[in-house]
Amino acid sequence: MVDNRYATALVIGFVLSLLATVYLSVAMGTQHWYQYSCPPGDPRGSNASEFINGEIDEKSYRDTMFTLNGTLGLWWRCIMVPSESLWFKEPEPTMETRCVSFTLPQQFSPKYKYQENHNDEEEDLLRTYLWRCQFLLPLVSLALVFLAGLVGVCACLCRSFTPTFGVGVLHLLAGLCTLGTVCCFLAGEDLLQRYTQTPAGLEGSLGWSLYLALISFPLQMMAAALFLWAARSHRTSYTRMTAYRVA
């Protein structure tokens, strides 16, 4: 028989875990982790066509994002380009967003310290591994939550409260992976801006996708705390009750 307090903690923990999973999944699939804002200029001098084709190195697509108010995500990079009209040429064309997804080889490709001479590039191992971690850690976080869900279902089928402690530990690890994703992304962006000459007037800001990932971290930690508290309290109460019956 499970006490009502522990049952309530499990339900609240499940709801928090579900919300955190949804927020993290949306954050992974959207491109508004970091956005650049640059004064209006002539978009014809940029590499917009090469950017859209996707076959372009990091320095080139970053320069294009700087000049065309780009946004960056874990899987996407986007720029603002004039919309194409088939009938006439607008004097002030409407801007639309064009996005290109990172391929799997691009996610694991090395990063470089870009010097004034584009041909003289030094591999940046720290930023390379930060980029790979920001790609892998959210996947690990979702996998841990999924595994915790399987453990919870097995606990319900077996009518045992003991696996709840493992569910809490898995949520704790998932929360740390989510926090690590945000930290790796911010650290990588900071290192890149140190090695890259940005246009005058360029401003960078955090996007709502990153805030969603950041919100999912405390939700996962609160869910982990509820699961761990319920498991530990229930075990203590069960031990005391058993000792009382024996006595």
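This is a predicted model: local features need pLDDT of at least 70, side-chain atom pairs count only at pLDDT 80 or more; totals for chains, interfaces and linings use all residues.

Student: Which residue stands opposite Gly204 in β7?

Tutor: That's Tyr36.

Student: And what's the strand order in the open sheet?

Tutor: There are five strands, in the order β4-β3-β2-β1-β7, with antiparallel pairing. The edges are β4 (95-101) and β7 (203-206), and each of those pairs on one side only.

Student: Remind me how strands in a sheet pair in general?

Tutor: Through backbone hydrogen bonds, in either a parallel or an antiparallel way.

Student: OK. Which strands does α6 touch when it packs on the sheet?

Tutor: α6 touches β1, β2 (71-72) and β7. The direction of α6 makes about 30° with that of β1.

Student: Let me zoom out. How many helices and strands are in the chain?

Tutor: Seven helices and seven strands. Going along the sequence, the pattern reads α-β-α-α-β-β-β-α-β-β-α-α-β-α.

Student: What share of the chain counts as buried?

Tutor: 37% of the 247 residues. The chain exposes about 14,400 Å², with carbon and sulfur atoms supplying 63% of that. As for contacts between residues at least 6 apart in sequence, 75% of them join residues at least 24 apart.

Student: Now the inside. Which residues touch the most other members of the largest nonpolar core?

Tutor: Trp33, Tyr61, Met65, Ile79 and Phe185, out of 27 residues in that core. Elements supplying at least two residues each include α1 (4-29), β3 (76-82), α6 (164-195) and α7 (208-246). There's also a second, separate core of 12 residues, with Ala20, Leu144, Val145 and Leu219 among them.

Student: Back to Ile79. What is Ile79 in contact with, leaving aside neighbours within four places in sequence?

Tutor: Ala48, Phe51, Thr64, Met65, Leu68, Gly70, Glu96, Thr97 and Arg98.

Student: Different spot now. Where does Thr128 lie?

Tutor: In helix α5, which covers residues 125-158.

Student: And why does Thr128 count as buried?

Tutor: Because its relative accessibility is 1%, and the cut-off for buried is under 20%.

Student: What polar atoms does the Thr128 side chain reach?

Tutor: One is the backbone nitrogen of Lys111, which the side chain reaches at 2.8 Å. The backbone oxygen of Asp124 also lies 2.7 Å from a polar atom of the Thr128 side chain. Leaving aside neighbours within four places in sequence, Thr128 is in contact with Ser109, Pro110, Lys111 and Glu123.

Student: Last one: Tyr23. Which helix is Tyr23 found in, and what is its relative accessible area?

Tutor: Tyr23 is found in α1. Its relative accessible area is 29%, so Tyr23 is partly exposed.

Technical notes:
Residues are numbered from 1 along each chain as its sequence is written. Side-chain values use heavy atoms; hydrogens and water are left out. A nonpolar core is a set of buried Ala, Val, Leu, Ile, Met, Phe, Trp, Tyr and Cys residues joined through side-chain atoms within 4.5 Å. Buried means under 20% relative accessible area, exposed over 50%, partly exposed in between (1.4 Å probe, protein chains only). Helices (H or I, at least four residues) and strands (E, at least two) are DSSP runs, numbered from the N terminus. Contact means heavy atoms within 4.5 Å. Two strands pair if DSSP finds at least two bridges between them. Axes are lines fitted to C-alpha atoms, for helices over the stretch in contact, and angles run from 0 to 180 degrees between N-to-C directions. A polar contact is a pair of N or O atoms within 3.5 Å; within protein, one must be able to donate a hydrogen and the other to accept it, and residues adjacent in sequence count only if both atoms are side-chain atoms. Accessible areas come from the Shrake-Rupley method with a 1.4 Å probe; for residues, only the protein chains shown count as cover.
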